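Let's walk through this model together, beginning with a void and then moving on to a pair of helices.

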Amino acid sequence: MKICQINVVYAKGSTGKIVRDLHIGLLEAGYDSMVIYPVKNKFENDKNIFTVSNKWMSRITALYRRISGRQFDGAYIQTRRIINILKKEKPDIVHLHCINGNNINIYKLLRFLANNKINTLLTIHAEFMYTGGCEHSFECEKWKTYCHKCDNKSRGTFIDGSSHTFKSLQKCYQLFDKDKFKFIAVSPWLENRAKNSPMLSRFLSGTVYNGVDTSVYTYTESDYIRNELGILPDEKIIFHITANFDPTSDNLKGGKFVVKLAEMLKKENVRIVIAANNIVKSKIPSNCIILGKILDSKKLAEIYSVSDITLITSKRETFSMPTAESLCCGTPVVGFLAGGPESIALKQYSNFVEYGNIDCLYSTIIKMLNSTYDKHEISKQAKQTYARQEMLNRYLKHYTAKE
């Protein structure tokens, strides 16, 4: 069996790492695996890797889409190259991940797959594949009938092309035979959402959690991190990790709530450790420790391990890798109801409250900090749930299913 994955990135970012984990796992298991992604990176020498674009082509497509409002059009050269590779390699299954970057014409690719009756598996990592192009639709439910007059300013176009996007996607899905297409969501919450889409409701579906490297993300007893960060042995640690930390606005990741909690916790014997890729400078309470981007996975696992709880303040997440990684390191999770996190977390070791209810979040945190947890047991259960091998096994069942 030959399996071809297509994604906007490879071996970097959350979906790129998932794609590489699956690719390497499939090769090791004896399957004929290949990956197509746009722009070359340092992993281009991996076996059976194909690239189809460059930075300039990507920028031209991005400009066209921003001006026209047609988010998934353009990229004709790159998409033609993808189709030519598929014609030559003749994979048994094409596994689509995030194909919303500026290098793939989604409609042309879907039409080719449908018209040629190629078995297609779509992993839904975000909501754009069943909406008018929104990564997160939040409270809007137009996608359940017909997207138009979109109010979501984060779509990144000057013109509202949501109606065009919705109609075009719907027409593409209608071309597929029911037995030639299946979609997988990364959380039960997201699968539930997608099943309510008029585009996808007729297809088979499933949920496969994103995989964690449990050889790294495991509970480790060490005082090294406490000593490095100057945290006293009797101080409790709340860990918050995010892509963007912005306490000055209504940022999707909820940085302002972390700062509010820090103020509320000033009289408690608690330190909040914040790790973020991008940090908006602002006045931060003295009980916070700000770290930059943590590139060393082992160090990140040690921080998870030494922490008493991990804090999630996002407004919306379709999965939540910090939730899975934290639990694998034996640390309970607390946060706002955001969709994915509460649906994938181990229920007995997590608590989620209504989004924005800072008082309820505060009281829940105090309760959890005063509770006792068996970190070894949490780690054991979590690794059985989120391990990369478990992800591979679940995808293999979908690849080989005879429905």
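With three residues, α14 gives the most to the lining of the largest cavity. Both α13 (375–386) and α14 (388–400) supply at least two lining residues each; helices here are DSSP runs of H or I with at least four residues, numbered from the N terminus. The whole lining reads Tyr209, Asn210, Gly211, Thr385, Tyr386, Ala387, Glu390, Met391 and Arg394. A cavity, on a 1 Å grid over the protein atoms alone, is a set of points where a 1.4 Å probe fits but cannot get out, and lining residues have an atom within 4 Å of a point. By class, this lining splits into four nonpolar, three polar and two charged residues (Ala, Val, Leu, Ile, Met, Phe, Trp, Tyr, Cys and Pro are nonpolar, Asp, Glu, Lys and Arg charged, the others, Gly among them, polar). The volume is about 30 Å³, counted as the space filled by probe spheres set on the points.

Keep in mind that this is a predicted model, where local features need pLDDT of at least 70, side-chain atom pairs count only at pLDDT 80 or more, and totals for chains, interfaces and linings use all residues. Residues are numbered from 1 along each chain as its sequence is written, and side-chain values use heavy atoms, with hydrogens and water left out.

Now for the helix pair. The axes of α2 (residues 55–68) and α3 (residues 76–89) come within 9 Å and cross at roughly 120°, with axes fitted to C-alpha atoms over the stretch in contact and angles running from 0 to 180 degrees between N-to-C directions. Met57, Ser58 and Thr61 of α2 meet Ile77, Gln78 and Arg81 of α3, contact being heavy atoms within 4.5 Å.

Technical notes: On a 1 Å grid over the protein atoms alone, a cavity is a set of points where a 1.4 Å probe fits but cannot get out, and a pocket is an open set with protein on both sides within 12 Å along at least five of seven lines; lining residues have an atom within 4 Å of a point.
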